[in-house]
Amino acid sequence: MDTIKSDNEFDVFYFLTCSIFGFILWIIVEKLLNYNNRNKNNKYNLPKGPSFIKWFSNYLFNFYDLKSSTTTTTTNDSNNKELIEDTSENTVLKWFNELNSDSYSVSFFGRPMIFTRDTMISKYVLSSNNIDSYTKPPDSSGVLIRLAQNSILMSEGDQWRYHRSIINQPFSSKNVKLMIPTIINTVNKLINHFNNNNNNNNNNNNNNNNNNNNNNNNNNNNNNNNNNNNNNNNNNNNNNNNNNNNNNNNNNNNSIRIDIHSYCTKLTFDIIGKLSIGYDFQSIDSSDNDENNDISKQFDFILNEMIRPIRRFSSYLPLYNDMKLFKFLNKLESIIKGAINSRLLTSDSNNKKNNNNIYQKNYLLDSLLDDNVKEKDIIGNINTFLLAGHETSANLLTFIFYLLSTHKNIQNDLYNHLIDNQKKKMNNKLFNGELNIEEEEEEENEEEDYQSIEFVDWVIYETLRLFPPAPMIGRTSINDDILNSSNNSNSNSDDNKNNNKISIPSETLILISVYGIHRDPKLWKDPNSFNPYRWKDIENVNNRSDFIPFSSGGRVCVGQKFSIVEARIIISKLILNFELSFDNLRSQPFKIYQRATLTPKYPVFLNLKKRD
Ligand code: HEM
């Protein structure tokens, strides 16, 4: 009697056949295309890097953390300690060194792909003049595009130019100044949260509700427009009681132990939420296990989804996790739509009152409330602010606090510098949120007031150099082109001149390794050591081709000025209040890994000791 296969058996059989067939085909195609690429490479004038299989398996190893790797830094205070890792970023470096070349090619299913740390190439490819000839590569995971849609981050050509022109304005120096009180309020809230934890730990028997009373103490200090006076969106079920985050432990009477990355993420997310749409996401108040209420945690999920290996094969492959993704996107969308409606109502009533079309612009959202911007583009741009505006900054801050906690002498210098600075009028104004904008406008150098807090800035730059949160910038060539490379040879022979030329076909993916540029020994003395003092004599930080944490040219990060000011305030506040040390006993060794951004692989536990 014939056996009838159940549907299930058939599916399994079908699936296995397809997989085996697909795998064999893939190997054949990969081999053929590698062969093809070898011929193309001769045209490039570039050494051939690792095969795709080698490169991809390295990526998988890093993703699943199958290799054990650590930095060589410990709590040791030596400035000369080398900060070297064996993670994906450093593997990219490894090939630059092994091949003795600042660029090499890799075949990706026959698609030409170049890794480079050549500053001449990166400057050219990123320059404003070439903005339409070198475009952003498509989102291979299909996750980012669902979140950011056709926003400034994802669009090209005239559409991008339009978004950029309206979004540049709220991020101008003058407007960033208006954001300072919101940043200060939110940091104060975090510091109070730490203090409350400390107090609660010290007074175990005391069951009063300190937390609720103190969280908003400092909000009263600021009457600036940017604050959340008309914050209709804030829901009232405040989670202030949830201060018992699991990772908080007291070590002794005067210190608490925290996962600094988790708190930096909550802090920067709450700041950008208030600034973008006037919504307080209250991440600082939510407990670490509260994934539903802590939206910053759900962004973390999105960032991990972006690099899941399976998503590399097909951006629109339906996956089980899509359900969670869509649920989250819908939730965000309804919050943003609520904010849009409430701002439109405010603008209507203001128009009626003032009989003109200008209303107070408090939030980033307001710049997008223009008849020419479709609702879905507003949502895409706000999602972009929320994502780009918190994750990179949180990573930067985590790296800074980790480095300061492991370089105590630098932390002490920074503290002394801040104390000195505090005495000066300029910084008193900044820290107390007493900037008088009108007064400032009359001054000739209106930006100078907060343009620099010398030593803090050196620490920020040095960390951005060592651990650039955006370690790789990708571009696709639209046309065939010839690139000049910075061949270091001094000879002027024709041969050498030709060696400087790299001809690239259209559709070449050019991956600029920011991490590689920042750690190139030809460009930086002792590139792997943390030495903020090196910035003392460096001028024109923003115009250097060897330092591009925010990219360069036309698509340079729109939030650059904001992130520096934000970091300046957060570092100053935290270092003035607490002495930081790395919790060597309870932390895993510090390790970075690359998803869309460069991020710490494991929680970074620090002890925060209250300063007298
Ligand atoms: C330490 C913090 C930050 C770093 C290191 C950083 C880095 C970068 C880099 C390298 C790019 C260029 C990407 C590319 O061209 O492929 C970029 C673009 C962008 N960044 Fe940032 N960013 C930071 C903070 C922010 C913040 C706070 C915001 C907004 C609130 C922001 C919004 C954007 C946007 C909208 C773009 C796209 C600009 C365009 O395409 O015209 N970034 N960022």
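Visitor: Which residues is aspartate 520 in contact with, leaving aside its neighbours within four places in sequence?
Guide: Asp102, Arg117 and Pro527. Contact here means heavy atoms within 4.5 Å.

Visitor: What am I looking at, experiment or prediction?
Guide: This is a predicted model, where local features need pLDDT of at least 70, side-chain atom pairs count only at pLDDT 80 or more, and totals for chains, interfaces and linings use all residues. Residues are numbered from 1 along each chain as its sequence is written, and side-chain values use heavy atoms, with hydrogens and water left out.

Visitor: Back to aspartate 520. Buried or exposed?
Guide: Aspartate 520 is buried, with a relative accessible area of 2%. The cut-offs: buried is under 20% relative accessible area, exposed is over 50%, and partly exposed is in between, using a 1.4 Å probe and protein chains only.

Visitor: Where is aspartate 520 found?
Guide: In the loop between helix 22 and helix 23. Helices (H or I, at least four residues) and strands (E, at least two) are DSSP runs, numbered from the N terminus.

Visitor: What else is in that loop?
Guide: Aspartate 526, for one. Its phi is near 40 degrees, a positive value in a residue other than glycine. Aspartate 526 counts as partly exposed, at 41% relative accessibility. Cysteine 557 also has its place in the loop, between helix 22 (514-518) and helix 23.

Visitor: What does Cys557 do for the iron atom of the ligand?
Guide: Cys557 is the only protein donor of that iron, through SG, at 2.3 Å. Donors are N, O and S atoms within 2.8 Å of the metal (3.2 Å for Na, K and Ca); water is not among the atoms, so sites may look incomplete.

Visitor: Now pockets. What is the volume of the second largest pocket?
Guide: About 980 Å³. A pocket is found on a 1 Å grid over the protein atoms alone: an open set of points where a 1.4 Å probe fits, with protein on both sides within 12 Å along at least five of seven lines. Lining residues have an atom within 4 Å of a point. Grid points are joined across faces, edges and corners, and the volume is the space filled by probe spheres set on the points.

Visitor: How many residues line the second largest pocket, and which lie nearest its centre?
Guide: The lining has 42 residues, and Tyr461, Val541, Asn542, Asn543 and Gln560 lie nearest the centre. Elements giving two or more residues to this lining are helix 4 (119-126), helix 6 (157-168), helix 19 (448-451), helix 20 (454-466) and helix 23 (560-577). Helix 23 gives the largest share, five residues.

Visitor: How do the lining residues of that pocket divide?
Guide: Into 16 nonpolar, 17 polar and nine charged. Ala, Val, Leu, Ile, Met, Phe, Trp, Tyr, Cys and Pro count as nonpolar, Asp, Glu, Lys and Arg as charged, and the others, Gly among them, as polar.

Visitor: Change of topic, strands. Why is strand 6 largely enclosed?
Guide: Six of the six residues of strand 6 (residues 472-477) are buried, so the rest of the structure largely encloses it. Met472, Gly474 and Thr476 point one way, and Ile473, Arg475 and Ser477 the other.

Visitor: Which strands does strand 6 join?
Guide: Strand 3 (residues 134-135) is joined to strand 6 by two bridges, antiparallel. Tyrosine 134 has serine 477 as its bridge partner. Five bridges join strand 6 to strand 9 (residues 509-513), also antiparallel. There, arginine 475 partners isoleucine 510. Two strands pair if DSSP finds at least two bridges between them.

Visitor: What does serine 587 touch, not counting residues up to four places away in sequence?
Guide: Phe582, Val604 and Phe605. Serine 587 lies in the loop between strand 10 (578-582) and strand 11 (592-594). At 10% relative accessibility, serine 587 counts as buried.
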